[in-house]
Amino acid sequence: MVKGYVHVEITVEQSPKKPGNPCGDVLLYDRTTSATTIILSDGLGSGIKASIAATICASRLLELLRRGFSLRSAVTNIIKTMNKAKEKNLPYAVFTVIRILNDGEATVITYEMPPPLFIAGRIANILKQRQIIIDTEIAGEATCYVEGGDGLIVVSDGITMAGIGLSLKRGWKIDGVCNYINTCLSKGMSIYDLPGHIHRHGRRLWEEEGGDDCTATLAFCRKGETVNILTGPPEDKRDDIKTVNKFIHSEGNKIVCGASTASMVARILGKTVTIDEDSCSELSPPKYNIEGIDLVTEGAITLNQVYNIIDEDHAYYEQDSAVTELCEHLKSSDRINFFAGKAKNPGHIHMAFQQKGVLPRHKIVPLLGEKLEKSGKLVVIEYV
């Protein structure tokens with residue numbers, strides 16, 4: 001059993017029926033502090049119409065879950081909607097949804113999609129599903145527990161139907177995909193490489209016929225890397241000790257952003273703040289040192305600069321700077337916890353900051369968080 005934050009890493013390989021067209025399979029996912037949700041939707045037909053149908057279906061399902069619907073009630077809602085769409089010749093799609101809770105409990109519901117595959121101990125098996133009736137439609141539901149090193153694979157029917165009427169009379173089918181995975185794993189293949197190999201083999205089975213949109217997705221559980229960033233003192237000075245203690249005892253690396261924040265942390269820990277003389281730079285603010293803290297930087301300017309370059313190629317980063325080091329911490333982490341103090345900093349409202357485009361802490365932290373979430377990370381912002 002992996003202790004601490006368990007990260008669900010999502011890998012997908014897909015291609016459209018016809019090169020250059022939109023893919024009719026759409027994958028969406030969402031991370032929260034309680035669960036990771038993954039939705040693979042397959043629109044009827046192929047091309048732009050199928051892509052729109054799949055996007056609508058997956059987006060609606062994800063939004064219902066974000067609004068607090070239970071998985072079963074959200075799925076029921078979408079199946080009823082799709083049932084009506086099919087009757088009225090409106091955009092129609094089928095789907096598979098995976099929800100993995102933080103305790104490892106996983107639920108997979110499929111609607112007119114191939115059953116999921118579960119990998120544990122480098123052995124793949126087809127998850128046994130029970131049938132549930134929703135609005136006269138039949139869906140499949142499976143539950144399991146996943147731990148670090150386990151994975152779930154879901155595919156669209158472009159994979160399971162690959163080769164039908166060609167090299168395989170009835171297509172590849174889910175049994176064939178499962179056997180193929182076990183053969184790959186027995187030869188020492190990394191679990192991360194499976195979606196690519198499944199996808200390529202499915203394409204080969206379609207030969208030159210075009211076949212269908214093809215998607216293979218892996219949800220792999222592993223121990224996640226966490227970084228904690230404390231930036232800005234609390235709004236109420238009486239919360240200083242409580243905030244620093246919570247920050248210090250959080251799992252993962254510790255980063256302090258802000259001179260006043262660093263002074264607060266050092267005071268409460270009984271440490272001293274020293275400047276890192278080797279971090280002098282014409283571009284980036286200096287680094288500081290506090291014993292027991294992984295990185296100490298200036299606040300708003302550093303966070304703004306990180307926001308500006310976090311998406312850029314690391315090869316172009318300035319060497320040995322606070323901004324570069326903070327970027328490296330963020331890029332190598334799976335979960336980022338921001339402890340964002342709400343104490344007002346008079347310096348942030350100075351006209352010089354506004355002229356230089358330096359956003360204050362309460363604005364740059366959520367913007368940076370959004371950018372990190374788009375790269376697949378879980379971001380938790382706690383205002384203090």
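Is Cys221 buried or exposed, and what is its relative accessible area? Cys221 is buried, at 2% relative accessible area (buried is under 20%, exposed over 50%, partly exposed in between, with a 1.4 Å probe and protein chains only). The model is a predicted one, where local features need pLDDT of at least 70 and side-chain atom pairs pLDDT 80 or more, while totals for chains, interfaces and linings use all residues. Residues are numbered from 1 along each chain as its sequence is written, and side-chain values use heavy atoms, leaving out hydrogens and water.

**View 1. Cysteines without a partner.** Searching the whole structure turns up zero disulfides (a pair of cysteine sulfur atoms within 2.5 Å). For Cys184, the closest cysteine sulfur is in Cys178, 11 Å off and too far for a bond. Cys221 is in no disulfide either; its nearest cysteine sulfur belongs to Cys144, 8.8 Å away. Cys184 counts as buried because its relative accessibility is 7%.

**View 2. Helix 2 and its cover.** Helix 2 runs over residues 71-87 (helices are DSSP runs of H or I, at least four residues, and strands are E runs of at least two, numbered from the N terminus). Its 17 residues should span 24 Å at 1.5 Å a residue, and the end C-alpha atoms agree at 25 Å apart (the expected span is 1.5 Å times one less than the number of residues). Buried residues here include Leu71, Ile78 and Met82. Among the elements covering the buried residues are helix 1, strand 4 (93-101) and strand 9 (137-145). Just past the helix, Asn89 takes a positive phi of about 60°.

**View 3. Ile52 on helix 1.** Ile52 sits in helix 1, residues 47-66. Ile52 counts as partly exposed because its relative accessibility is 42%.

Definitions and conventions: Contact means heavy atoms within 4.5 Å.
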